[in-house]
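Here is a short report on helices and aromatic rings. Keep the structure open as you read.

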Amino acid sequence: AQESRGLGDVYKRQVIYLLLVSFFLFAYYGGYINSEQLFIGLNIIFSLYIGLLICKQLKKGMSIINPIIVTSIFMFLLPYGFPVLFQYSNGEIRYYPTYISLAKSMLYVNAGFITLWYSYKSLLFNPILYSLKKYSKLFVHKLVVKKTYTYFFLLSSIILNFRSIYSGSYGVLATIYADNKEIGAFDQIEYLVATALKGVVFLLAWQYFKYKRSKKLFIFAFSLLLFFQILAGYKGAIVMTFIIIFIANYLALKKINFKLGIICFISLIIAYGLVNPYREYLVYSKEIPNSISSIFDCIYNGVLIQNQIITSEEVSIIDEVMSRFTTLPELATFIEYKEKFGLHIPRDPDFLYYFYTIPAQLFVPRFLWPDKPVNDLGVWWVSNTVTGNMSNSSTAFGPVGFLYLTFDILAVIIGFLIISFLLKLCEQLLNSGKDGAVLTGVIFLSSLYTNEAGFNTYVVEGIRFLIIGIIFQAIILRRIWK
């Protein structure tokens, strides 16, 4: 009954919101407003709608790390909401799409968002989720970390990270100077160990905040992870190190630590101040650092050079951060490209093929499937439609953009029904009461909130993270039953 009332509330707000959207559309087609005003109006009411919806759910007691809350912020509000208006206020929107294309993009985004929320709050997935409860025995009940495996993952991480650093292929270097797209078995092992290190830091933080245990080990593991993330040159990874601590603190104490929230925001500003100059320096200097000292030298030189070329037209870090979040301009250019040129294989990727082969992409290894799709749609887009030449630059493709290019609005609806189910499954893990399931849910969630990859990669990576989480909690937590 409570879920039905929640659905009714969401339904009423969606009806009111759709009436507002219709009002702007009628005003545009009636000639009362132009395409620019239509885009601005749709963007403002979309941002306000998400904000009010989230506030209402939080007021009702929904957790701040509930998958639907996190996804609404990071997959919709920041990529498609108010940050786009920061670009607009500066007189320039990336890729210079037309205002009518931006307005059309907002309609596709709305279709995905409304589908996501309506299905999430409905009883649609309850029969499937209920049937999955029988697998709860897979999860450890209590938060008791095995120190032997903790040391093993820490040591493995140090060895593998140093191996990558001294081979000149660590972090962002592997992207900038990539010679091919193939991913070897050793790279997969490094990826798994890197994921495990984040899990170890989360567990140690959770254990420390909840039971005040292993403080020194927690501080060492956190410092190690932060150190490697800075060397890797990924802004999001640096910030995620602090978000991990924020989530662990919230789960342990059941309340929001606003100081940690502020630290997360400050880490974002600092990450942009360090990583962007570093990456730009690597691109223009063609230098390939292959030691810790040489990476720090490149970071220092990048920051130094950037400070020397500051001009009166320099974009502030806040504007740059907002620009980083937004993917609405990309979606608008997808629409313009498809409407103007259509999609033609082999010039363009076969998005429908990428869509219906998702189950095979999950389970079939590359050595058995040489043509297995690679997560390079962002590179394809920049190379063939933005720069006009092959480039290692990329852009966030996003599930909405992928689904639109697959088969328009129908794919958007189907795709976000699938995403809704994954989020609902994650919620069930987080609310299970078993610490092993909660750990799995957090690892699962870390792949579900993002707006970076295409839909196929989103689903494949999400399920892989779910499997990794199940295995990881079984290895590192002691099996103590209630």
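## A pair in helix 10

Phe-218 and Phe-222 are both buried. This model is predicted. The two residues sit in helix 10 (residues 215-232). They are four residues apart, about one turn of the helix.

## Helix 5 against helix 19

Helix 5 (residues 99-121) packs with helix 19 (residues 399-430). The angle is about 25 degrees, and the axes lie 9 Å apart. Angles under 35 degrees count as roughly parallel, so helix 5 is roughly parallel to helix 19. The crossing of these two helices is right-handed.

Which kinds of residues make up the contact of helix 5 with helix 19? There are 14 nonpolar, four polar and three charged residues.

## Aromatic rings

The whole structure holds 36 aromatic pairs. One of them joins Phe-113 and Trp-117, and it is tilted. Here the ring centres are 6.3 Å apart, with 55 degrees between the planes. Both residues lie in helix 5, four residues apart, about one turn of the helix.

Are they buried or exposed? Phe-113 has 1% relative accessibility, so it counts as buried. Trp-117 is buried too, at 0%.

Phe-113 and Trp-117 also belong to an aromatic cluster.

## Charges over rings

Lys-212 places its charged end over the ring of Tyr-208, 4.9 Å from the centre. Lys-338 lies over the face of Tyr-404, at 4.7 Å from the ring centre.

Definitions and conventions: Residues are numbered from 1 along each chain as its sequence is written. This is a predicted model: local features need pLDDT of at least 70, side-chain atom pairs count only at pLDDT 80 or more; totals for chains, interfaces and linings use all residues. Side-chain values use heavy atoms; hydrogens and water are left out. Axes are lines fitted to C-alpha atoms, for helices over the stretch in contact, and angles run from 0 to 180 degrees between N-to-C directions. Angles under 35 degrees count as roughly parallel, over 145 as roughly antiparallel, 65 to 115 as roughly perpendicular and the rest as oblique. A crossing is left-handed if the near helix is turned anticlockwise from the far one by less than a right angle, and right-handed if clockwise. Ala, Val, Leu, Ile, Met, Phe, Trp, Tyr, Cys and Pro count as nonpolar, Asp, Glu, Lys and Arg as charged, and the others, Gly among them, as polar. Rings of Phe, Tyr and Trp (its six-membered ring) pair if their centres lie within 6.5 Å; planes under 30 degrees apart count as stacked, over 60 as edge-to-face and the rest as tilted. Buried means under 20% relative accessible area, exposed over 50%, partly exposed in between (1.4 Å probe, protein chains only). A charge sits over a ring if NZ of Lys or CZ of Arg is within 6 Å of the ring centre and within 35 degrees of the ring normal.
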